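Student: I have a model open and some labels to check. Can you take me through them?

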Amino acid sequence: MSALTMLNNEIVACTCCPRLVAYREAVARDKRRQFREWSYWGKPVPGFGDSNARLYILGLAPAAHGGNRTGRVFTGDRSGDWLYEALHRFGFANQATSVHAGDGLTLTDCYIGATVRCAPPANKPTPDEFTACRPFVLRELRLLKRMRVIVTLGKIAFDHYLKASRELGLGTPGLRPQFGHGVVYDLPWGVTLIGSYHPSQQNTFTGKLTRPMFHRIFLKAQQKLAEAPLRD
């Protein structure tokens with residue numbers, strides 16, 4: 001069993017945050033009317049992708065009726081529709097849609113995680129919940145040994161990647177990365193950090209994030225990977 005598989009098994013079994021456990025299970029029990037025939041996942045959602053990935057994508061948390069329903073990160077909701085369409089366009093996914101965990105989707109050179117692994121009420125984890133979940137991000141960062149580019153979806157993910165980096169003993173002397181859509185930081189430890197607005201409905205429906213804007217994020221990631229020296 002690979003180390004990432006073992007980590008994902010631990011994530012799925014986690015019950016550290018009582019509020020999140022109660023909420024995710026209530027959503028899975030009560031369901032949304034349009035999904036009443038579904039057997040909801042109702043557990044923490046593990047990472048997903050290629051264990052040899054050089055691109056790591058960090059999101060916020062599973063959606064109540066997306067990942068919490070399907071059991072796969074960014075699967076079954078509109079944010080996932082945007083993300084996987086972009087990943088497919090730039091060669092990181094074998095298909096442009098992500099509907100359920102058995103739909104045949106695979107990722108190449110890409111792995112996806114989240115700052116919090118359970119769907120939170122109102123999509124707002126508490127500080128304690130972020131802290132409880134950060135070890136999962138830390139372990140993913142350690143295990144993805146070929147990783148060269150990080151795309152963070154939203155300011156919260158951007159800030160939490162930097163917190164995780166500090167906990168790993170990495171520093172940015174003289175550099176204080178600031179979030180913005182399309183910002184690119186070549187960090188001293190050989191990783192490029194790219195910030196993106198989250199493809200949430202709040203951003204995509206209002207036009208704050210457009211598809212061309214989102215595509216440019218992954219074009220930049222693709223370019224940075226092409227420039228990066230190989231890492232065993």
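Tutor: Start with the elements: helices (H or I, at least four residues) and strands (E, at least two) are DSSP runs, numbered from the N terminus. By that numbering, Asn123 lies in the loop between strand 3 (110–114) and helix 5. This is a predicted model: local features need pLDDT of at least 70, side-chain atom pairs count only at pLDDT 80 or more, and totals for chains, interfaces and linings use all residues. Residues are numbered from 1 along each chain as its sequence is written, and side-chain values use heavy atoms, with hydrogens and water left out.

Student: What makes Asn123 partly exposed?

Tutor: Buried means under 20% relative accessible area, exposed over 50%, partly exposed in between (1.4 Å probe, protein chains only). Asn123 has 42% relative accessibility, so it counts as partly exposed. Its phi is near 60 degrees, a positive value in a residue other than glycine. Most residues other than glycine have a negative phi.

Student: Why does Phe74 count as buried?

Tutor: Its relative accessibility is 9%, so Phe74 counts as buried. Phe74 sits in the loop between helix 3 (67–70) and helix 4 (78–89). Phe74 also has a positive phi, near 55 degrees.

Student: What makes helix 5 roughly perpendicular to helix 6?

Tutor: The axes of helix 5 (residues 127–143) and helix 6 (residues 155–167) come within 10 Å and cross at roughly 70 degrees. Axes are lines fitted to C-alpha atoms, for helices over the stretch in contact, and angles run from 0 to 180 degrees between N-to-C directions. Under 35 degrees is roughly parallel, over 145 roughly antiparallel, 65 to 115 roughly perpendicular, the rest oblique. Therefore helix 5 is roughly perpendicular to helix 6.

Student: Which residues of helix 5 and helix 6 meet?

Tutor: Contact means heavy atoms within 4.5 Å. From helix 5, Phe130, Arg134, Val137, Leu138 and Leu141 meet Ile156, His160, Tyr161, Lys163, Ala164 and Glu167 in helix 6.

Student: Why is the pair of Phe214 and Phe218 called edge-to-face?

Tutor: Rings of Phe, Tyr and Trp (its six-membered ring) pair if their centres lie within 6.5 Å; planes under 30 degrees apart count as stacked, over 60 as edge-to-face and the rest as tilted. The structure holds 5 aromatic pairs. In this one, the Phe214 and Phe218 centres are 5.2 Å apart, with 85 degrees between the planes, an edge-to-face pair. Phe214 and Phe218 are 4 residues apart in helix 8 (residues 211–227), so about one helical turn separates them. Both Phe214 and Phe218 are buried.
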